[in-house]
Amino acid sequence: MALLARTANAGLVARTQRPAMVGLKAGLPLPRGAAVAVKAANNEVDTEDINKKLNETLTNTTSYLQAKWEETEDKPAALAVTGGALLLLVAASSVVDAVDKIPIISDLIELVGVVVTGWFTYRYLVFGPDREELVSNVKAFLKKVYGK
């Protein structure tokens with residue numbers, strides 16, 4: 001493995017591998033432009049455990065989706081809604097990319113986003129009673145959506 005160091009006259013130059021802490025243990029000064037290699041701790045990751053968890057999660061997700069699909073009565077409508085949602089996401093992404101390429105508009109939208117985020121934080125998150133108001137507003141909205 002070659003270490004990269006920036007030289008005074010040109011870009012990146014590959015250097016030969018040097019032992020960690022060159023000259024520092026002996027209290028000697030490092031030569032100018034010398035690279036110092038730091039060896040990372042040997043933390044082994046148990047890939048078998050990760051694979052088991054991943055397989056379990058995928059199996060649970062697949063069985064959940066299969067159960068929901070079997071419960072669905074109008075399958076063509078479900079497919080149409082899903083396809084429409086995906087198409088809408090692609091179209092929205094294209095619009096956002098197109099607007100982002102306009103120089104002044106993208107900066108203006110970013111500024112508006114920062115201002116609105118700051119206002120929301122000050123209005124609802126700074127003081128305790130305002131946080132309680134936000135929670136009650138969210139609960140009321142969810143009650144309307146779910147009809148409970």
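This briefing covers the fold, surface, ring pairs and salt bridges of one protein model.

The model is predicted: local features need pLDDT of at least 70, side-chain atom pairs count only at pLDDT 80 or more, and totals for chains, interfaces and linings use all residues. Residues are numbered from 1 along each chain as its sequence is written, and side-chain values use heavy atoms, with hydrogens and water left out. The protein holds 4 helices and 2 strands. Their pattern along the sequence is β-β-α-α-α-α. Helices (H or I, at least four residues) and strands (E, at least two) are DSSP runs, numbered from the N terminus.

**Overall packing and surface**

- The protein has 148 residues, and 5% of them count as buried. Buried means under 20% relative accessible area, exposed over 50%, and partly exposed in between (1.4 Å probe, protein chains only).
- Take the contacts between residues at least 6 apart in sequence: 8% of these join residues at least 24 apart. A contact means heavy atoms within 4.5 Å.
- The accessible surface is about 13000 Å², and carbon and sulfur atoms account for 64% of it. Accessible areas come from the Shrake-Rupley method with a 1.4 Å probe; for residues, only the protein chains shown count as cover.
- A nonpolar patch of about 740 Å² is made by L108, L111, V112, V115, V116, W119, F120 and L125. Patch residues have over 30% relative accessible area and no salt bridge; like charges are joined within 9 Å, nonpolar side chains (Val, Leu, Ile, Met, Phe, Trp, Tyr) within 5 Å.
- L125 lies in helix α3. L125 is partly exposed, at 38% relative accessible area.

- S106 belongs to helix α3 (residues 103-125). S106 has a relative accessible area of 14%, so it is buried. Residues up to four places away in sequence aside, S106 touches V99 and D100.
- K75 is in helix α2 (residues 75-100). K75 has a relative accessible area of 26%, so it is partly exposed. Neighbours within four places in sequence aside, K75 contacts W69 and E70.

**Aromatic rings**

- The count comes to 3 aromatic pairs. Rings of Phe, Tyr and Trp (its six-membered ring) pair if their centres lie within 6.5 Å; planes under 30 degrees apart count as stacked, over 60 as edge-to-face and the rest as tilted.
- W119 and Y124 form an edge-to-face pair, 6.1 Å centre to centre, with 85 degrees between the planes.
- F120 and Y124 form a tilted pair, because their planes stand at 45 degrees, with ring centres 5.2 Å apart. Both lie in helix α3, 4 residues apart, about one turn of the helix.
- Ring pairs link W119, F120 and Y124 into a cluster.
- Y124 is buried at 14% relative accessible area, whereas F120 is partly exposed at 31%.
- The charged end of R123 sits over the Y124 ring, 4.6 Å from its centre. Such a charge has NZ of Lys or CZ of Arg within 6 Å of the ring centre and within 35 degrees of the ring normal.

**Salt bridges**

- The structure holds 4 salt bridges. Each is a side-chain nitrogen of Lys or Arg within 4 Å of a carboxyl oxygen of Asp or Glu.
- K68 and E71 form one of them (3.8 Å, N to O). Both lie in helix α1 (residues 47-71), 3 residues apart.
- R123 bridges to D130 (3.6 Å, N to O). D130 is buried at 19% relative accessible area.
- R123 also bridges to E133 (3.2 Å, N to O). This pair links E133 in helix α4 (residues 128-146) with R123 in helix α3, 10 residues apart.
- Shared partners join R123, D130 and E133 into one salt-bridge network.
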